[in-house]
Amino acid sequence: DQMKEKFGRVRLSTSTIPYGAKFGVSEEVTTLGDYIDAFPAMRRAANESAVDPTYIFDTKAMVDTHFREAAEDVEVPPPFLRSDAFKDIVMEGAIVRQFYLGPAYSGAPVHFHSDAWNVLAFGLKRWSLFPPSKSFYSKIPAYRFFREHLAEYEPLECMQYPGDVVYVPLHWGHAVLN
């Protein structure tokens, strides 16, 4: 409710996968308030007819513009990940803060990148992790992947709860289901 009240008029892109337009998947622009209001309908559609819900995954609009103060409150890297290697990354300005939000059954398909630590503010996330030797990219929306394809793989899995930080090492593949 607080997020909707403060940022409800902010316009953001949504897609069934993060950065949909970069992968040839259609995106829709909506306000954050309208998107949050649509959560119950998206959850019902996903549950009843296996429709992939959309997901907000944003760097510029929310973090750089609207969440700047909140983002500055997060220590980068967190104290438990401090090392000389992280100090070099921070000094070079390579830290990217991202904002993601979605209803139940939304999430990110399998992908990999550099080290990342993910803080969960609300809800639950199911993580499937693949070591670098088994990492891959997929454009299959998270709910469909978890429902139809996960059994083909043997990922490491965990649940993330509010306040938990999940650290994903360099090149580890991962998929996330809200």
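Modeller: Leucine 124 is partly exposed, because its relative accessible area is 43% and this class lies between buried, under 20%, and exposed, over 50% (1.4 Å probe, protein chains only). Please keep in mind that this is a predicted model, in which local features need pLDDT of at least 70 and side-chain atom pairs count only at pLDDT 80 or more, while totals for chains, interfaces and linings use all residues. Residues are numbered from 1 along each chain as its sequence is written, and side-chain values use heavy atoms, with hydrogens and water left out.

Leucine 124 lies in the loop between β6 (116–119) and β7 (125–130), where helices (H or I, at least four residues) and strands (E, at least two) are DSSP runs numbered from the N terminus. Together with Met159 and Tyr161, Leu124 makes a nonpolar surface patch of about 290 Å². Such a patch joins nonpolar side chains (Val, Leu, Ile, Met, Phe, Trp, Tyr) within 5 Å, or like charges within 9 Å, from residues with over 30% relative accessible area and no salt bridge, a salt bridge being a side-chain nitrogen of Lys or Arg within 4 Å of a carboxyl oxygen of Asp or Glu.

Turning to the aromatic rings, a search of the whole structure finds 12 aromatic pairs, counted when the ring centres of Phe, Tyr or Trp (its six-membered ring) lie within 6.5 Å, and called stacked under 30 degrees between planes, edge-to-face over 60 and tilted for the rest. One of these pairs is edge-to-face and joins tyrosine 19 to phenylalanine 57, with 5.1 Å from centre to centre and 75 degrees between the planes. This pair links distant parts of the chain, since tyrosine 19 sits in the loop between β1 (11–14) and β2 (28–31), and phenylalanine 57 sits in strand β3 (residues 56–58), 38 residues apart. Tyrosine 19 counts as partly exposed because its relative accessibility is 28%, whereas phenylalanine 57, at 17% relative accessible area, is buried. Phenylalanine 57 also pairs with tyrosine 100, this time in a stacked arrangement with 5.5 Å between centres and 15 degrees between the planes. Here too distant parts of the chain are linked, with phenylalanine 57 in strand β3 and tyrosine 100 in strand β4 (residues 99–101), 43 residues apart.

Elsewhere, Phe130, Phe136, Phe145, Phe146 and Tyr153 form one aromatic cluster.

Finally, isoleucine 36, in helix α2 (residues 32–37), counts as partly exposed because its relative accessibility is 21%. Not counting residues up to four places away in sequence, isoleucine 36 touches Met3, Lys4 and Leu101, a contact meaning heavy atoms within 4.5 Å. The C-alpha atoms of isoleucine 36 and lysine 4 are 7.4 Å apart in space, although the two residues are 32 residues apart in sequence.

Definitions and conventions: Areas by Shrake-Rupley, 256 points an atom, 1.4 Å probe, with all protein chains shown as cover.
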